[in-house]
Each structure stands twice: as structure tokens, then as C-alpha cells.
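Here is a short report on one protein model. Keep the sequence and the 3D view open while you read.

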Amino acid sequence: MIKDFVKGLWRENPVFVQVLGMCPTLAVTTKALFGLSMGMATLFVLVSSGMVISAIRRFVPRQVRIPIFTVIIATFVTAADYFLKANFYEISKALGPYVPLIVVNCIILGRAEAFASKHGVARSFLDAAGMGIGFTLALIVLGSVRELLGSGTVFGYRVMWAGFTDWIIMVLPAGAFITLGLLVGVFNMMDKRFMKRAEEK
Amino acid sequence: MNTFEELILIFIAASITNNFVLTYFLGICPFIGVSNSIDSSIGLGAATTFVMTIAATVTWIIYHYLLAPYNLVFLQYVVFIIVIASLVQFVEMVIRKISPPLYRALGIYLPLITTNCAILGLTLFMVLRNYTFLESVVFGLGAGVGFTLALVIMAGIREELAFCDIPEPLKGSGITLIIAGMLALAFMGFGGIISG
């Protein structure tokens, strides 16, 4: 059971390993805070749609499952979008159309299809929570790196020294691609090292 | 009424200066997954352009004549995604009936398009920016052309990449993302063509 949860954090991390859900990942991570909010919104949709889909999985005919899953996901996304608009208007404005775009985030439909439609509610919950938290962590890491180099702050707190020149490129689209590419490389390197150590033991 | 000039500006903005893939990060999944050969990229690009143009047309009509007048805007995400999914199905059926050669060429790519975030993104941007009917159609077409352009360039680079000596941890998605970053830099250079 616990494996269902942990695998999303590292071994099958949706961003670094599966390279899924790229559009929100790259688009909103100009600041760590935006990454965190996007991650939380995705986590909410992932968990609630995963549980609903798993609960109704026996009543859904195979041929029309994808449209049904999509409608369920879109419903929760609408809820998340209105929640953000009502309570965190500034963040909602900054994230713009990328909140509704959670509907077509491949991670969510992917987990619905690959896991929730085949397993019970409890396991689907753990799987979705693991994937969602793994996604959120990846977004926070990416957002922190880009914010640190792009504006010299992390979560809005000044980290860099006073004379630091901001790397404008990091908050531009090109910086997003390059940072994520390098982070994927670092992730693979660390992963390999862990594997080696595990083998030696 | 729009002048012809404005429509051309929207087209250029959607296809080059504000390229969907390289500045809005829409449609990255096929961009990274499918862009292995030039031929399949052209196929997917053509199919996507086709669906994008029709999707922009249909969702504009639905939004302005159905959702907005009856105060149903909160349903727009659900409605849009259903429209796009059924549109893809429909287009697939029509092409199979009318032009079997075209169907054979595009066939396998069509179902992939439903989950392409570029299409839903396109319809959302269209609503957000309050485009008129004609502007939306041109916007859809431009976005599709831009998507194809990015996909084909990427495929061309990746075909060469097969012969290169890439550091082990960067192989696969890592190097693809870094190249995409460089492409985004290159496309930034077009920014001066139009302002805003």
C-alpha cells in the first residue's frame, strides 16, 4: 500500500521521470509560489477525480470511459478554478488560463486510466496523492531555481546579495526549458548514484 | 469590422512571435513525444492545424450564442473539452469517408489530438482575448501553423541528434528540453516583427 504513495515522489516522479504535464510545469514556474499553487490545484484535482473514478469504475462502459473521465476531471478543475478566483485572486490572475488547462494535463487522465480505473478507492487515493505531491515538489524546485536566478528571491524572500544582476532569461520561456532540461539531467545522475549504492549494499 | 492587416498580425503573432509551443508551452507532450521523425511531425502538425481551425470556429459559435447569453459560462471547460473530443471523432469519420488517402496519412495522429493541451488552450485564449469570429478562425489557423513549424524544426534537429555524443544523464528528455529552450531563444528574435 505504502508503495503506491511513495513511487510518485521519486521512482515514477511525473515531471522528472515520466515528463508528463509539461505545460503547467514550464509555464507557471517563474516564481516558487506559483509553482506551489499550481501543484496544490493539480493535487486536489488528481485526488478527487481519482477517487470518484475509482468508485464508479464498475459502472463505466469501456468504450466511453475516456469522455466520462474527462468530464469528471473538468468538473473538479472548474471547482478548483473558482476556489482560486474567490480566495486567491492575485494568484489566480497570474496563473491565467493554465488552471483550466489542468483538464488536459496528461498526468491526471494518465493516472485515471492506468491506476484509478483498475484499483480500489483507498489505493487510488494513495497513488493520486503520491503523484500530486511529487508533481508539486518538482514544481517548487523548478520555481525556486528560476526565481532565485531570475529575480534573486525565493518565495518572495531576498536571497541573493545586493549587487546580483537578475538573469532575465530565467523568467522567459527559454529559461524554463533549459532549467527543466538540466534538472532532469541532475535527477537522472542522482538516481543512478542511488541505484549503485543500493546495489553495493 | 477588422481590417485585413489586423488579421495578418494575429496570424503572425500566433504562428511565430507568440508560438504556442515555445512561448505558451502548449502542446509540449506531442512536441517531446512525437517529434522523432520529420514525416510523422508533418502528419501530426497538419492534423492539429485542421482540428485547431475548426475547434476555434465551433467553440466561438457555442460560446457567443449559447454559453454567454444563457449565463452558462461556468460550464465552459466541461463544454469545450466535450466539443473538442467529439470534434476529433467527427473529423476522423469525415476524413475517412471523403478522402481515404488523407485518412491513412493522418489516421493514427487524430486520436492523439484530443489530449493536446494546445487545442483547449487555444479556445481559452480566444475567449480571454475577446476575439471576433474572423479573428478566432485566423488565430486557430496561425496557432496550428506555428505548432507544425516548431514540431518539424524539432524533428529535424532530433534526427541529427541520434549521431551525437550526449552526456549520459541528459539523454532522452533532458537534451530535448534544452534544445527546445534554444529554439525558444531563437524565436524570441522574431519578437521585433510586431509590437505587442
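Leaving aside neighbours within four places in sequence, which residues is Ile73(A) in contact with? They are Val45(A), Ser49(A), Val103(A), Ile108(A) and Leu109(A). Contact means that two C-beta atoms, placed from the backbone, lie within 7 Å.

This is a predicted model: local features need pLDDT of at least 70 and side-chain atom pairs pLDDT 80 or more, while totals for chains, interfaces and linings use all residues. Residues are numbered from 1 along each chain as its sequence is written, and chains are lettered from A, ligands numbered from 1, in the order in which they are written.

Chain B has 10 helices and 0 strands. These are DSSP runs numbered from the N terminus (helices H or I, at least four residues; strands E, at least two).

| Chain B property | Value |
|---|---|
| C-alpha box along the principal axes | roughly 60 × 45 × 30 Å |
| Buried share of the 196 residues | 46% |
| Share of contacts (separation of 6 or more) from residues 24 or more positions apart | 82% |

A residue is buried if 20 or more other C-beta atoms lie within 10 Å of its own, exposed if 12 or fewer, and partly exposed in between.

Now for a glycine in chain A. Gly130(A) lies in helix H7 (residues 121-151). Gly130(A) is buried, with 24 other C-beta atoms within 10 Å. Beyond four places in sequence, its contacts include Asp4(A), Phe5(A) and Leu9(A). The C-alpha atoms of Gly130(A) and Val17(A) are separated by 14 Å, and the two residues sit 113 residues apart along the chain.
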